[in-house]
Amino acid sequence: MFSKEYLLRFLIIAASFLCIIVSLSYFFFQRDLYAEWLFSLNQTQGNASEEQSFFDRLFDPGRYDPHSNDIWGGKNKQDPLNIVKKSSAPQYGSTAGSSINKHHLRLRETILAQLILMDRYGMSKEDAWRIIKGLKIDGAFHKYEESRFINELLWFKYQDDRKNKSIISALKESGSALTNQKYTFFEDLYSVGVSYLLNGNAKDAKFYLTQAYNEWPARGRAFGNVYLGLLITHAVAGNHKEFLTMIDHIKTYYPDWLYVETFMPDIISLHQIYPDSALLHALHGRMVQNVEDYASASDAYQKALHTGSLNSLVTQKVNHWLSEIEKDKS
Amino acid sequence: MNLLILCTWSCILIYIWMVKSKYYWLKPPIKLCILFGTGGVLSTIPALIFNLFLSRETELWVYSSNKIHSFLGFFIGAGLGEEFWKLSTGVLLLFVIPANKFRLYQADIVLGFVTLGLAFGAVENLVAYSHLDIELLISRGLIAIPLHGSMGMIHGLAAAKSFERCSTIPLFIGYFISVIIHTFCDTWNIILPLEFTHYFLTLTAAALIFLGAKTWRKIPEMKSVIQS
C-alpha cells in the first residue's frame, strides 16, 4: 500500500486545494439574503413597464386567453394599472376570471405553504426563501409571486412591530409593485389599499379597497376584512353617508366582529395616524359596543362627539348608540 | 421501474459496449467494476453535500441571476467538486485494494473509472433530475451520462499513467482537464448567451464520445500498469 504513496499525495493536495477554494468562496461570496429580496423587488418593479416580445408572450405559460370575457383581453392588456383606474375587474386567478395555469398555481401553493410554516411552525424566512428560489418553475409569474411573498413577509413584520414607519412605507412600495403586474388580482388590491391606509393616504386607499370590494369573488371571512378596511377608509376620509350605511351591516359582512383582539390593534394604530377622525372614534365605539364593552364604547363615543366634526345624522346615530348602552346597562 | 430505466439506460449500454468491444482474451474485471460502481454511487453523497453548501451558503449558485456567480457555481460545484469526488473515490479505491488480488491492467483501470463516472451520472439523474420530462431524461442519457463516462475515461487514463510512472502529476493533469471540460459543457450558454449555443453542448458531447470511443479501442487489452 505504501508503494502507492503518490496516490495519497494527490488526494491530500487536491482535497486541500478544494478546501481552500470553498473557504474563499464562503469568505468572498457569502450569501446575502436581504440583498436578494431587495434585488428581486427591484427587478419586479423594473420589469413592470417593459413590453414582452412576441415570443415571450407566445410561450409565457401564464398568458391570458384573448377570447375570454375577462379584462385582460383587448387593447388594455399591457397596462394593468390603467385597467384598475378604469374600474375594470382584475380577476386573474379568481374563480370568475381567467383560470390560473397549473405551474403558477403550484408556485402559489408552495409559497402559501411556506408562509403557513413560517407563521405557525417557526420556519425561518431564509429557509422559506431558499425553497421558493429553488423551485424550478419558469414563467413570467415567478417574479410576481416572489413579490407577493416579500409583501407577505412585510405584513408579518408589521404584525410584530406596528409602529415601525419604515415597514409601513415598505409595505406601500411592495404593494404598489404588485398592482403594476399583469397578474394583479383582488387580494393585491386589498393589500395595497390597506398599506395606503396605514401610510395616511385615505384617497388612494379608498380607490384600491373599493376595487377589491367590487372584485372579491366570495362573501366569506376574507371579504369581511375588505369590508372593515373599506369602512375604516370611509371613516377616516369623512364619508358620513357610506360610513352609516356600512356600519349598520357590519355584523353581516364582517363575521369576525366578535373577535376584537384581531382587529382592535389595527384600529388603535389608525387612531395615531388619523388622530382627528371623529368617525374612526365612532367606529371604535360601535365595534366594542358590539362585544358589550360599554365603558370603552362610551369613551370612544364621547371622543367622537367632542371633536365636533360629525354631521347631524352621525351625531344622532352616536347618541342613539349611547342611549342603547344606558338601556343595556340598566 | 420506468424511471430507473430512463435514468440508467445509457449507462448500461455504454458499459456493455465497452466490455464487448475490448475483452476478447480476458474475462472482464467484474469485481473491480462492482467496486468502482459502488464508489461512484457513494461519491454522489459528498458531491451533493458540497453542491448544497455552495447553493445554500454562498452566492455561487448555479441558477443565480448573476452570470459570474452562476459560472463560478458551475466551476466550483460541478467542475472542481464533482470531478474531485469522482477521481478521489477512484484513487482511494486504487490505493486500498491489494494489487495481488485485482488485475490492474490499463484497460481495467480505465473501465473502472468509466464505471464510476457512469454510476455517478446515473445516481445524479435519479436524485437531481428524475422530475424532468421523459424527453429531457432521454437527452440527459444521450449527453450528460456519456459526458460523465468521458470524464471517467480521462480519470482512468490519468490514473493508469500515474501508476506507470509512479507520479502524481498525471492525476493532476487529468483532474484539471476534466474540470475544464465539465465546466465548459455546463456553461456554454453563460459564456455565449446566443440562441444556437445549446448546440455547442451537443457537439462537445459528440466529440468527446467519439474521442473516448477511439481511445478505448486503442487501449490494449493486456497491458499492466504495475512496474515490475
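Tutor: Contact means here that heavy atoms lie within 4.5 Å. The model is a predicted one, in which local features need pLDDT of at least 70 and side-chain atom pairs count only at pLDDT 80 or more, while totals for chains, interfaces and linings use all residues. Residues are numbered from 1 along each chain as its sequence is written, chains are lettered from A and ligands numbered from 1 in the order written, and side-chain values use heavy atoms, without hydrogens and water.

Student: How many residues of chain B are in contact with chain A, and how much area do the two chains bury?

Tutor: On the side of chain A, 29 residues take part, and they meet 37 residues of chain B. Buried area is the accessible area (1.4 Å probe) that two parts lose on being put together, summed over both. Carbon and sulfur atoms carry 75% of this area, and the total for chain A and chain B is about 3000 Å².

Student: Which helix of chain A gives the largest share of the side that touches chain B?

Tutor: Helices are DSSP runs (H or I, at least four residues), numbered from the N terminus. Helix 1 (5-28), helix 2 (33-48) and helix 6 (125-134) of chain A each supply at least two residues of that side. The largest share, 16 residues, comes from helix 1 of chain A.

Student: How many salt bridges are there between chain A and chain B, and how many over all chains?

Tutor: A salt bridge needs a side-chain nitrogen of Lys or Arg within 4 Å of a carboxyl oxygen of Asp or Glu. The side chains of A:Glu5 and A:Arg9 form such a pair, at 2.7 Å from N to O, and these residues, four apart in helix 1 of chain A, are separated by about one helical turn. Between chain A and chain B the count is zero, whereas over all chains it is 16.

Student: How are helix 12 and helix 17 of chain A oriented to each other?

Tutor: Helix 12 (residues 240-248) and helix 17 (residues 312-329) of chain A have axes that come within 10 Å and cross at roughly 30 degrees. Axes are lines fitted to C-alpha atoms, for helices over the stretch in contact, with angles from 0 to 180 degrees between N-to-C directions. Since angles under 35 degrees count as roughly parallel, helix 12 and helix 17 of chain A are therefore roughly parallel.

Methods. Angles under 35 degrees count as roughly parallel, over 145 as roughly antiparallel, 65 to 115 as roughly perpendicular and the rest as oblique.
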